[in-house]
Amino acid sequence: MKKIKSKYDIFRQKTQIIIYGSNTFLGRLFDLILLGLILLSVLLVMLDTVEGINQKYHSQLLVCEWIITIFFTIEFILRIISIQKPLKYIFSFYGIIDLMAILPMYLSIFFPATNVLTIVRILRFFRLFKILHIPQISQQSKQLREAMEASKEKILVFIYFVIISAVIIGSLMYVVEGKESGFTSIPVGIYWAIVTLTTVGYGDISPASPLGQFLASLVMIMGYGIIAVPTGIVTAEFAKSSLRNNAVSTKKTCQKCNSQLHFDSAKYCHECGTELPNN
């Protein structure tokens, strides 16, 4: 006997099609309205921090922010009740972002300053990639994610090295320069080392002695190399990911490392550089 759907089941089904689907007119319209409200919300938060605008239109801006927050709250609830596995959505990347988008305004009831944190709603623009359905963008996004995941261990090792270097350099500068030049403690020296290594250079603290200036010069030069390292790591992994996703032939097998991911036109192995056989 065919089971008759209740009004609630029909409502859930229609809501799921509108909210999660973008192939229908209502689904596409909902996505466009959602993106427009996200953009408007971010703009309102920015305007609310401008002193002149805040003094004249604070109440109106606050009302608009609450209207948008209520809309996002209803949307969040509908997303939960319209799918079979709500917990999967709640703890997903987009689910956490959606929750972060509405929490600051409710927290502002008890802590007024937290309403500024609603600026995190701009993270919801990540949905734009899902809405547009552009294959090239999806492919590039996938490759970038794979590259970041593949290089995370190397980047962690690199950060570990930078932290150790900053501690050593900061301690040396504290000993060489001392309190007279503003290096009042080792933590201050570490702060200076991090700022210098990252080539930010605020200029609030600077060495005065010749030895200190010599060390600072070495740190500055080292900083350029430090910037290049993580970029090179991610770029290399991105290239490998691109090769894996775009490789059109596995006929050319490297006789040295047995790698099979090569283009038909490839002459050398991308892993070890050995010349490939002409198959």
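Which residues make the nonpolar surface patch of about 870 Å²? In this predicted model, where local features need pLDDT of at least 70, side-chain atom pairs count only at pLDDT 80 or more, and totals for chains, interfaces and linings use all residues, the patch consists of I70, I74, L99, L103, Y106, L107, I109, F110 and F111. Residues are numbered from 1 along each chain as its sequence is written, and side-chain values use heavy atoms, with hydrogens and water left out.

Patches are made of residues with over 30% relative accessible area and no salt bridge, like charges being joined within 9 Å and nonpolar side chains (Val, Leu, Ile, Met, Phe, Trp, Tyr) within 5 Å. Areas come from the Shrake-Rupley method with a 1.4 Å probe, and for residues only the protein chains shown count as cover. Two or more residues of the nonpolar patch come from each of α3 and α5, helices being DSSP runs of H or I with at least four residues, numbered from the N terminus. The element that gives the most is α5, with four residues. F110 lies in the loop between α5 and α6 (127-132), and F110 is exposed, at 64% relative accessible area; exposed means over 50%, buried under 20%, and partly exposed in between (1.4 Å probe, protein chains only).

Helix α5 also has a buried side, to which the following residues belong by accessibility: G95, I97, D98, A101, I102, P104 and M105 are buried. The helix has 15 residues and spans 21 Å from its first C-alpha to its last, close to the 21 Å expected at 1.5 Å a residue, where the expected span is 1.5 Å times one less than the number of residues.

The charged residues come next. Side chains of opposite charge can pair when their charged atoms come close. The structure holds three salt bridges, each a side-chain nitrogen of Lys or Arg within 4 Å of a carboxyl oxygen of Asp or Glu. R79 pairs with E75, with 2.6 Å between the closest N and O atoms; because these two are four residues apart in helix α3, about one helical turn separates them. E75 also bridges to R124, at 2.7 Å between the closest N and O atoms. R124 lies in the loop between α5 and α6 and E75 in helix α3, so this pair ties together parts 49 residues apart in sequence. R124 meets D98 of helix α5 as well, at 2.8 Å from N to O. Through shared partners, E75, R79, D98 and R124 join into one network. R79 is buried at 2% relative accessible area, E75 at 3%, and R124 and D98 are buried too.

R79 lies over the face of Y20, 5.3 Å from the ring centre, and the charged end of R124 is 4.9 Å from the centre of the F72 ring.

Rings of Phe, Tyr and Trp (its six-membered ring) pair if their centres lie within 6.5 Å, with planes under 30 degrees apart counting as stacked, over 60 as edge-to-face and the rest as tilted. There are seven aromatic pairs by this rule. F30 and F71 have ring centres 6.5 Å apart and planes at 35 degrees, so the pair is tilted. F30 lies in helix α2 (residues 25-48) and F71 in helix α3 (residues 51-81), so parts 41 residues apart in sequence are tied together. F30 is buried at 14% relative accessible area, whereas F71 is partly exposed at 28%. Ring pairs also link Y20, F76 and Y89 into a cluster.

Note on methods: A charge sits over a ring if NZ of Lys or CZ of Arg is within 6 Å of the ring centre and within 35 degrees of the ring normal.
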